[in-house]
Amino acid sequence: MSEQRTVIDTQQLTRVYRVGTVEVRALRGVDVRVMAGEFVALMGPSGSGKSTLMHLLGCLDTPTGGRYQLEGRDVSQLSNDERARLRNRRLGFVFQTFNLLPRLNALDNVKLPLLYQGRVADADRQAREALRRVGLAQRALHRPMELSGGERQRVAIARALITDPALILADEPTGNLDSGTGAEILRLLKDLCAEGRTLVMVTHDASVAAHAQRVIYLRDGEIVSGNSS
């Protein structure tokens, strides 16, 4: 851990959904603290609340109750536009299905977050540097269909890094990869944390979670273990 700075701090975070007349309590007062440079895995059975928590941490959804502070800023009640701006500037996402645009080459996929910010002038150089960082400088002009699964995930990681985010959120980042390629991606993620990046990863695989510094287990919308940082 690079420094004792709090990146994530949630207090009594709740999320309630209504399905018809039924009230579903997806999160039931969750307290989570993640420090800068930590690599934390979220685990739990289907319906445990781990995906709901990931969506809240990623500002893809808003809590029903409680508080969420990102880098000391209360983001619990931000508007849709404010959450979108925050996602673009301070959060990086890595998905199981890569979420790359098939018509764009690797370089153009990586620099998209900068273009959304209006940072056009230096986007090409920064995207090439991000691809170099993940070992794909030589594949910059290849489209996703010309890349292996592991290479696509490296492009996705480069895209997540390019805005220098406070937090990287990875949702089953090795789920579509063979074991050897998955191990390479996990080594890359661990290297990023060693450099001071903060990473929260959802996984159902205990062998993948074992690479994290800390594993938080959820069940029925509550944390049952692993919340001591």
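A: Let us take helix H5 (residues 149-161) as the opening case; its 13 residues reach 19 Å from the first C-alpha to the last, close to the 18 Å expected at 1.5 Å a residue. The expected span is 1.5 Å times one less than the number of residues; helices (H or I, at least four residues) and strands (E, at least two) are DSSP runs, numbered from the N terminus. The model is predicted: local features need pLDDT of at least 70, side-chain atom pairs count only at pLDDT 80 or more, and totals for chains, interfaces and linings use all residues. Residues are numbered from 1 along each chain as its sequence is written, and side-chain values use heavy atoms, with hydrogens and water left out.

Q: Is H5 mostly covered or uncovered, and what do its buried residues pack against?

A: Buried means under 20% relative accessible area (1.4 Å probe, protein chains only). By that rule H5 is mostly covered, with eleven of its 13 residues buried, including Val 155, Ile 157 and Leu 161. Contact means heavy atoms within 4.5 Å. The buried residues of H5 pack against strands E6 (91-95) and E7 (167-171) and helices H3 (106-116), H4 (123-133) and H6 (179-194).

Q: Which residues of the largest nonpolar core touch the most other members?

A: A nonpolar core is a set of buried Ala, Val, Leu, Ile, Met, Phe, Trp, Tyr and Cys residues joined through side-chain atoms within 4.5 Å. The largest has 40 residues, and Val 110, Leu 131, Val 155 and Ile 157 touch the most other members. Among the elements that each supply at least two residues of this core are H3, H4, H5 and H6. Apart from it lies another core, of 28 residues, among them Val 7 and Val 202.

Q: How much space lies in the largest pocket, and which residues lie nearest its centre?

A: On a 1 Å grid over the protein atoms alone, a pocket is an open set of points with protein on both sides within 12 Å along at least five of seven lines; lining residues have an atom within 4 Å of a point. A volume is the space filled by probe spheres set on the points, which are joined across faces, edges and corners. The largest pocket holds about 430 Å³. Of its 17 lining residues, Asn 88, Phe 93, Pro 113, Tyr 116 and Arg 159 lie nearest the centre. Helix H2 (80-90), E6, H3 and H5 each give two or more residues to this lining.

Conventions
Buried < 20%, exposed > 50% of the residue type's maximum accessible area, 1.4 Å probe, protein only. 1 Å grid on protein atoms, 1.4 Å probe; cavity = no way out; pocket = protein on both sides within 12 Å on 5 of 7 lines; lining within 4 Å.
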